[in-house]
Amino acid sequence: MVKGMHNMADKTQAEPTAPDAETRQPHRGRAVARAVEDGVTHFRHRLSAGELGSLPVVLVLAAVWIIFQSLNENFLSPRNLSNLSVDIVGTGLIAVGIVFVLLIGELDLSVGSISGLAAAVFAVLNVNNGVPEWLALIIAVLAGTAAGTVQGYSCAKTRVPAFVVTLAGLLTWNGIMLYILGTSGTVNLDENGLVAKLTSYYFTNDGAAYGLAAVGAGTVFLVSYQDMRRREAAGMPHRSLQGIAVRTGVLAVIAFVTAFVLNRFQGLPLALLIFLVVVAGLDIVLRRTHYGRQVYALGGSVEAARRASLSVTRVQTAVLAVSGTMAAVGGLFLASRITSVSQGSGSGVLLLNAIAAAVIGGTSLFGGRGTTWSAVLGILIIQSIASGMAITDTPTAVQFIITGGVLFAAVLIDSLSRRSQEAHGRA
Amino acid sequence: MPTPPLLALHGVCKRFGVVEVLTDIELEIHAGQVVALLGDNGAGKSTLVKVISGVAPADKGAIEWEGRTVQIRRPHDARDLGIATVYQDLALCGNLDVVGNLFLGREIRRFGFLDEMEMERRTRHLLERLTRGIPDLRAPVVSLSSGQRQTVAIARSLLGDPRVLLLDEPTAALGFEQTSEVLDLVDRLRDRGLGVLLISHNMGDIKALADRAAVLRLGRNNGFFDVNTASQEQIISSVTGATENVPRRMASQEAGW
Ligand SMILES: Nc1ncnc2c1ncn2[C@@H]1O[C@H](COP(=O)(O)OP(=O)(O)OP(=O)(O)O)[C@@H](O)[C@H]1O
Ligand SMILES: [Mg+2]
């Protein structure tokens, strides 16, 4: 109770108070100090509530980058970072789908197979049968959606945990992929085709990357500002203008530095643009729509959701459909990167990396906590380790061990923060 | 002709597997009345609440709403009728914040997106009626104390302007002051014409608040009482089983109300 009131007081205090005669600080200095203080209190509150947010992840990413940069100075070169930003997209998109599934407290093991299946569907339709690229692309993505929907509906109806149903899916979809690829084995995609362009096209004009950074930061600022004004008008607790400015400022710095680095190489990669738009769009779906609220509710308590008249079957089906769709889209990006589809597409560590990315990024394995942005942070860490290992000629074995260690640490943080949250509630 | 009860149950049976948890239950809830539902642990009180709220639909028997037979097959049906419930286990989503829990399943939207501000405003308004120390509305519900959680569950049940309120031990986790705040609220809701089913083990509260009492014993009706005329000893002996179940006489007593 005390904690709650304390926090409310913090928020309302954000409004300017009467100038204090004692302090001779310039006004702006005081405002910034107050914003920082605001942030610190907010952070401490979240810390005590067991919500670390993305801070540990960002620190790990920073550590990985610093270590590899000290081992090889090419690591943070524009070329390597730009390649990194394209390499994360395929697996990253699959990880975004995994985030949805983890949010309802389930696990999808079929995403690797679905990504391979979608790539094979595209390749066979387009290359072997001459179907136009755009049509083959749509059919490939819909194949993923269909596979996910079937799995989701089966889980919901049979009440069998999703990891079991999708384990069956893993084998089935892989079998179908091998079947449609036939004996040909490997299909090479058109080097100048639509799918190849997904990861090879760059907006070479400097304006593209800077423009995206400006639009992104500007939108975040405007939305937060509008919300603040509306809350202010209604006499509700709200963030201070300084707080919003600091937050957007940090975001803008990150965005513009990224844009600067990308422009030093070949400009803004189309793949990265698509990735960011998808992640931001799905983040809004999850956190700002009725559908997203249902997803989180299911992860909190299926029974509570049911008693609140939610259609559990529909939400579970929809979530696995999203993950199947994202797996298909990710599979097309992975195929685009190597402009070919083979019997090995979608196999190997892809599934594990996608799940690890979501969890490392901070999505809880226990359901109900996480955002699509965690997939971005997680895949950045995994791909940075992979790229750093490649650049420093470290054997794959070591790469696996290190990624495993990071994953273990992430799971540990997840379960600790969950426990601290519960302990907090009991107090 | 007297107005039919808001909600009436006739011959309701419910079994879980081979166990018959409720047998031939009769119950009436009238507008502007508080009915206390009493019984020992395991008597079937919570199960009866779940039958009415559509969480565990009845296997047999009839449910009437204002004299007309209705089907309550899922929580949605009960909500559409105007039945709101505070469950014994509260049924909150621990990961959602207070606002999210209150509006779960009936979010307010603005341009198709969740209108967090409006929902927060109404949540604050509602909670201010219920309690003096409002919890942090944006904290996940797991991080609240059990009393605060109970307050959230009660607030949620009031949200859709229900006509019948089912309260399954709503004050079990509350302190002295909060308990009296909630009981005051139930009193006011009765005055506004709601029908309330109140499950409580506290005879003092029941004596002070309820109009009628229905006793369950081993999944069967074991007596109906007018709280104003029946003595506390009479009611307690019915709960503990000292007075045996006499279905015929009960039915005539029920008709006499
Ligand atoms: N889902 C279920 N499956 C099987 N048996 C159940 C289930 N739910 C309840 N029961 C049984 O039904 C009986 C009545 O339980 P119920 O929870 O309705 O009792 P109650 O009167 O609310 O008790 P209390 O005062 O302890 O809350 C108990 O014997 C219980 O074991
Ligand atoms: Mg009970």
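This is a predicted model: local features need pLDDT of at least 70, side-chain atom pairs count only at pLDDT 80 or more; totals for chains, interfaces and linings use all residues.

1. Ligand 1 is surrounded by 13 residues. Those closest to the ligand are B:Gly42, B:Lys45, B:Ser46, B:Thr47 and B:Gln88. Helix α1 (residues 45-52) of chain B supplies the largest share of this shell, namely three residues. Sorted by class, the shell comprises seven polar, three nonpolar and three charged residues.

2. Several contacts to oxygen atoms of ligand 1 may be listed individually. A polar side-chain atom of B:Lys45 is 2.7 Å from an oxygen atom of the ligand, and a polar side-chain atom of B:Asn41 is 2.9 Å from one. For B:Ala43, a backbone N or O atom lies at 3.2 Å from a ligand oxygen atom. Ligand 1 exposes 640 Å² when taken alone, and the protein buries 60% of that area.

3. The second largest pocket holds about 740 Å³ of space. Its lining consists of 30 residues, of which A:Arg306, A:Leu310, A:Ser311, A:Val312 and A:Thr313 are the closest to the pocket centre.

4. Which elements give two or more residues to the lining of this pocket? In chain A they are α6 (133-158), α12 (290-300), α13 (302-307) and α14 (312-338), and in chain B α2 (75-81). The most is given by α14(A), with seven residues.

5. As to composition, the lining of the second largest pocket has 14 nonpolar residues, together with eight polar and eight charged ones.

Technical notes:
Residues are numbered from 1 along each chain as its sequence is written. Chains are lettered from A and ligands numbered from 1 in the order in which they are written. Side-chain values use heavy atoms; hydrogens and water are left out. On a 1 Å grid over the protein atoms alone, a cavity is a set of points where a 1.4 Å probe fits but cannot get out, and a pocket is an open set with protein on both sides within 12 Å along at least five of seven lines; lining residues have an atom within 4 Å of a point. Grid points are joined across faces, edges and corners, and a volume is the space filled by probe spheres set on the points. Helices (H or I, at least four residues) and strands (E, at least two) are DSSP runs, numbered from the N terminus. Ala, Val, Leu, Ile, Met, Phe, Trp, Tyr, Cys and Pro count as nonpolar, Asp, Glu, Lys and Arg as charged, and the others, Gly among them, as polar. A residue is near a molecule or strand if one of its heavy atoms lies within 4 Å of it. A polar contact is a pair of N or O atoms within 3.5 Å; within protein, one must be able to donate a hydrogen and the other to accept it, and residues adjacent in sequence count only if both atoms are side-chain atoms. Accessible areas come from the Shrake-Rupley method with a 1.4 Å probe; for residues, only the protein chains shown count as cover.
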